[in-house]
Amino acid sequence: MTYQQQPGPPPYPPMRQPPRKPGLSTGAIVAIAIAGIVFLGGALAIGAAALGSGSSAGDDANESVVAVNYTNPPTGTSGNLEFAVLNVATGYKKIGSETAAGEFVTVKVKVTNVGKSEASFDPDAPYIFDAADKMYSADSKASGRIDDKLNPGMTITKNVVYDVPPGTKPVTFSASGGFGIPFARITLPAQG
């Protein structure tokens, strides 16, 4: 018995592509959009960098900053740590994301382990004193509190930040080489 093949549905005609419209392809449009977004993001980043983090002397909030750099830094020793005050700056209203209740004073201090064993520097422990011998403690949020362990001969430099009443002029920096060790009191040269 032979079977005859049944006719099937007629074959579909080949699909024709719609005619191309003049202009940009979808890929080109997407590429242009991405390039525009990247350019805009770069421009915003440059603008943000130009404005700074809020801690530079050029900001409106910090336009009254006075900084004193010491060519012969005053020094003092407590335990295994020697402290050298490199710079004192007064008048900051804002440092990073922190805003002063009064104004910030920063003390840039170089700390060297001059002993024969490890020593720790706690940036919350140093104090400053004004001419009336009022003591001000460090602002750990604005200072970015990090304890540093120093092996013999190692040196670090830290900015210690204080929130003080406006116009306060520090005359003494005081720091300790560890718990129970007497503080070194360092007299600061007069500021302008």
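**Exercise 1. Find which backbone oxygens the side chain of serine 176 reaches in this predicted model.**

Step 1. Start with isoleucine 181: its backbone oxygen is reached by the serine 176 side chain at 2.9 Å.

Step 2. Now try glycine 178. Here too the serine 176 side chain gets to the backbone oxygen, at 2.8 Å.

Step 3. Serine 176 sits in the loop that runs between β10 (172-175) and β11 (184-187).

**Exercise 2. Decide whether serine 176 is buried or exposed, and list what it touches beyond its sequence neighbours.**

Step 1. Look up the relative accessibility: it is 9% for serine 176.

Step 2. Compare with the cut-off. Buried means under 20%, so serine 176 counts as buried at its 9%.

Step 3. Skip the neighbours within four places in sequence, and serine 176 is in contact with Ser78, Leu81, Phe83, Ile181, Pro182 and Phe183.

**Exercise 3. Work out how β2 is arranged and what it pairs with.**

Step 1. Sort the residues of β2 (75-78) by face. Gly76 and Ser78 make up the covered face, while Thr75 and Thr77 are on the uncovered one.

Step 2. Find the partner. β2 pairs with β3 in the antiparallel sense, over four bridges. One spot to check is threonine 75, which stands opposite alanine 84 in β3.

Step 3. Look at the turn. The hairpin of β2 and β3 has two residues between the strands, and glycine 79 takes a positive phi near 60 degrees there.

**Exercise 4. Find which residues touch the most other members of the largest nonpolar core.**

Step 1. Go through the 24 residues of that core; Phe83, Tyr162 and Phe173 come out on top.

Step 2. See where the core comes from. β3 (81-95), β4 (98-113), β5 (119-121), β9 (155-164) and β10 each give two or more residues to it.

Terms used. Residues are numbered from 1 along each chain as its sequence is written. This is a predicted model: local features need pLDDT of at least 70, side-chain atom pairs count only at pLDDT 80 or more; totals for chains, interfaces and linings use all residues. Side-chain values use heavy atoms; hydrogens and water are left out. Buried means under 20% relative accessible area, exposed over 50%, partly exposed in between (1.4 Å probe, protein chains only). A polar contact is a pair of N or O atoms within 3.5 Å; within protein, one must be able to donate a hydrogen and the other to accept it, and residues adjacent in sequence count only if both atoms are side-chain atoms. Contact means heavy atoms within 4.5 Å. A nonpolar core is a set of buried Ala, Val, Leu, Ile, Met, Phe, Trp, Tyr and Cys residues joined through side-chain atoms within 4.5 Å. Two strands pair if DSSP finds at least two bridges between them.
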